[in-house]
Amino acid sequence: MNKKTIKIYFLVSLFAINLIIVRGVYAASVDLDFSKEVVGAGEQFYVDLMLDTEGESINTIEGNITFQNDNISFIRYEDGKSMVNLWVKKPSLDSDKNTLSFAGVMTNGFNGVIDPFNPKYKLPGQIIRLVFEGEKPGVSSFSTSIFNLNLNNGEGTSITAQPSNGIIKIGDFVNNQKYNDKQNSLPTLDAYVIRDPNVYNNKYVLIFKAFDKSTGIKYVEIKEGNKSWVVVKDSPYLLKDQSRRSTIYVQAMNNQGASVVKTIEPIPYHFFTTFNIFVVIFVIIILAIVVRIIYGKFKKHE
Amino acid sequence: MRKESYKKLLLLFILIIICFSQMVFADTIVSQTVTISARVVVDNGGGNTGGGGIDIPTTVNFSGWAYPYSTVYLLKDGFLEATVVADQSAYFTFSISDLVTDTYTFSIYTEDDNGRKSSLFSFPILINSGTAVNIDNIFLSPTIDTDKTEVKKGDLLKIFGQSIPLKEVLISINLGQDYVFSVVSDSLGKYLYNLDTSNLNLGRYKTKSKTIYNNKESLYAIPVSFLVGEDNINGGGDTCNTLPGDLNCDNHVNLTDFSIMAYWYNKFNPPETVDLNGDGTISLVDFSIMAFYWTE
């Protein structure tokens, strides 16, 4: 092989490697991480969906995870450690109880978790944790859809992440070990009332966001004045009392049973509004006229 | 054509493709200057807790530059953790402790004298208990604004904001490709550039800025847009037309705007102001555009 041929082969190889690198930039990947390979009946385990952005900054993710639920049962999902900080579509099971779908936002983008001891290489980030319990011996398989992602570039450029899959084996033994993240924490809650012409025709709505680092939020509920507690799923929530004269209580509960309550005071009632002043003046005038008429009649009678 | 010529053509083709693909790759590199270091904290035996366990402190220290005397905000997992005021030279430091082993998302931003926000510098990091982590050289973006939302073609448009004092600020204007103008901030960090719009075609433009300090570059400011048209319309009001995602016109892109957009998700006929990419529906693309301009 002469020098020129070697040169050509070298450049072609360089080209091929380069193409792979460039292609990699636009191909983030998702993986399913299992906490255990084999569990017993009654034993809980979790599956983490991990996102490796491969250097790209990504700010939305949409997709689903399907699992065989013949031998296992779904307990709950946890998003306390998720890179997703706002859910557009909260994780929810379909009617067959074997597919969990969701769509979420990572504000300002996510391009990997920094390991301070090795900051040059970024780690994949958790999107969601699914907790299951083994029921009877067998094998359960898991698979994901192709995930739709959008780049954090101000234009919402769409890319995809290839699907992933995995299996868990449920052995022929009993183990009643339950999964529990033992960190004790209180939820954090942000809640306030607004009204905007673009939402429910400018009616009062509750805006809220609840977060719990350890296990995630179980539910958020609201109590308006003396009415009973109502679970609220999505922000914005249309308030029942549109007069805003009721005190509003918002409670966020985490999966460990710890809760935090936020109180939103009603709008203070001001008697001396322009309308009320006009009404008072009108009533005084009417009264004066009536008194004048009665006094006139009385005088005439005398 | 001879065989030799074919080979030369092939080589040329390969080189062009390589150069092109490298350009694409280079464009994705984020110019950031942050340095991160960590060390394991050795307990000297003096930190015993009441329960007999060993309490090894975990601290995360942040330092960097904002604007002179500006308030710097530190968010942990999206909620306010601490604030600090930068000194005269715009330098700031934070220190937080009592963290357990976990992944945390920290976000830092500042505000200029007129309440404009810098870009949010946000990053997830794995913190292990018993370590001291330093995150230094955080170089917050400048702010940027214009004196008009619409400028009459041929008139001057003032582009201004705040940054580190006495440093070079590069102002980019998107005209199909970026045109860059350089100014130097004053002792308060303020900068101003008078843009001659004579050479601009009628239409909408975006402008953004970044600061250069010791050959390091800050993040870009949150871009603002302006219209070159037939009238002058003064700015200084709300940012509905200049900050994408600010749906309720309060100069922020935050949870309220997200909730307004979420209300219209998968609904028919969303308002034009909510449909950020103008395709007649609210999809994840609209949320993605909003997430890019997020200010908290």
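View 1. β9(B) pairs with strand β11 (residues 156–162) of chain B in the antiparallel sense over two bridges, where two strands count as paired if DSSP finds at least two bridges between them, and where strands (E, at least two residues) and helices (H or I, at least four residues) are DSSP runs numbered from the N terminus. Within this pairing, B:Thr146 has B:Ile159 of β11(B) as its bridge partner. The open sheet consists of three strands in the order β9-β11-β14 (chain B), with antiparallel pairing. Its edges are formed by β9 (145–146) and β14 (190–196) of chain B, each of which has a single partner strand, so one side of each is left without a neighbour in the sheet. This is a predicted model, in which local features need pLDDT of at least 70 and side-chain atom pairs count only at pLDDT 80 or more, while totals for chains, interfaces and linings use all residues. Residues are numbered from 1 along each chain as its sequence is written, chains are lettered from A and ligands numbered from 1 in the order in which they are written, and side-chain values use heavy atoms, with hydrogens and water left out.

**View 2. Strand β15 of chain B and its partners β12, β16 and β17****.** Strand β12 (residues 168–175) of chain B runs antiparallel to strand β15 (residues 203–213) of chain B and is joined to it by six bridges, with B:Ser172 standing opposite B:Lys208 in β15(B). Strand β17 (residues 224–229) of chain B is likewise antiparallel to β15(B), here through five bridges, and B:Gly203 has B:Val228 of β17(B) as its bridge partner. The pairing of β15(B) with strand β16 (residues 216–217) of chain B is antiparallel and comprises two bridges, and the bridge partner of B:Tyr213 in β16(B) is B:Lys216. Two residues lie between the strands in the hairpin of β15(B) and β16(B), where B:Asn214 takes a positive phi near 50 degrees.

View 3. Among the buried residues are B:Leu255, B:Phe258, B:Ile260, B:Tyr263 and B:Trp264. The buried residues of α2(B) pack against β6 (86–93), β7 (99–110), β15 (188–194) and β16 (205–211) of chain A, together with α3 (284–292) of chain B, a contact being heavy atoms within 4.5 Å. After α2(B) comes B:Asn266, whose phi is positive, near 65 degrees.

**View 4. The packing of helices α2 and α3 of chain B****.** α2(B) and α3(B) pack at an angle of about 175 degrees, with their axes 11 Å apart; the axes are lines fitted to C-alpha atoms, for helices over the stretch in contact, and angles run from 0 to 180 degrees between N-to-C directions. That angle makes α2(B) roughly antiparallel to α3(B), since angles over 145 degrees count as roughly antiparallel, under 35 as roughly parallel, 65 to 115 as roughly perpendicular and the rest as oblique. From α2(B), the contact involves B:Asp257, B:Phe258, B:Met261 and B:Ala262, and from α3(B) it involves B:Asp286, B:Phe287 and B:Met290. These contact residues divide into five nonpolar, no polar and two charged, where Ala, Val, Leu, Ile, Met, Phe, Trp, Tyr, Cys and Pro count as nonpolar, Asp, Glu, Lys and Arg as charged, and the others, Gly among them, as polar.

**View 5. B:Asn254 in a loop of chain B****.** B:Asn254 is found in the loop between β18 (233–234) and α2 of chain B, and with 13% relative accessibility this residue counts as buried. Residues up to four places away in sequence aside, B:Asn254 touches B:Trp294 and B:Glu296.

**View 6. A:Asn69 in a loop of chain A****.** A:Asn69 lies between β4 (58–67) and β5 (72–78) of chain A and, at 27% relative accessibility, counts as partly exposed. Apart from neighbours within four places in sequence, A:Asn69 is in contact with A:Asp96, A:Lys97 and A:Asn98. The C-alpha atoms of A:Asn69 and A:Phe132 are separated by 9.6 Å, although the two residues stand 63 residues apart along the chain.

How values were computed:
Buried means under 20% relative accessible area, exposed over 50%, partly exposed in between (1.4 Å probe, protein chains only).
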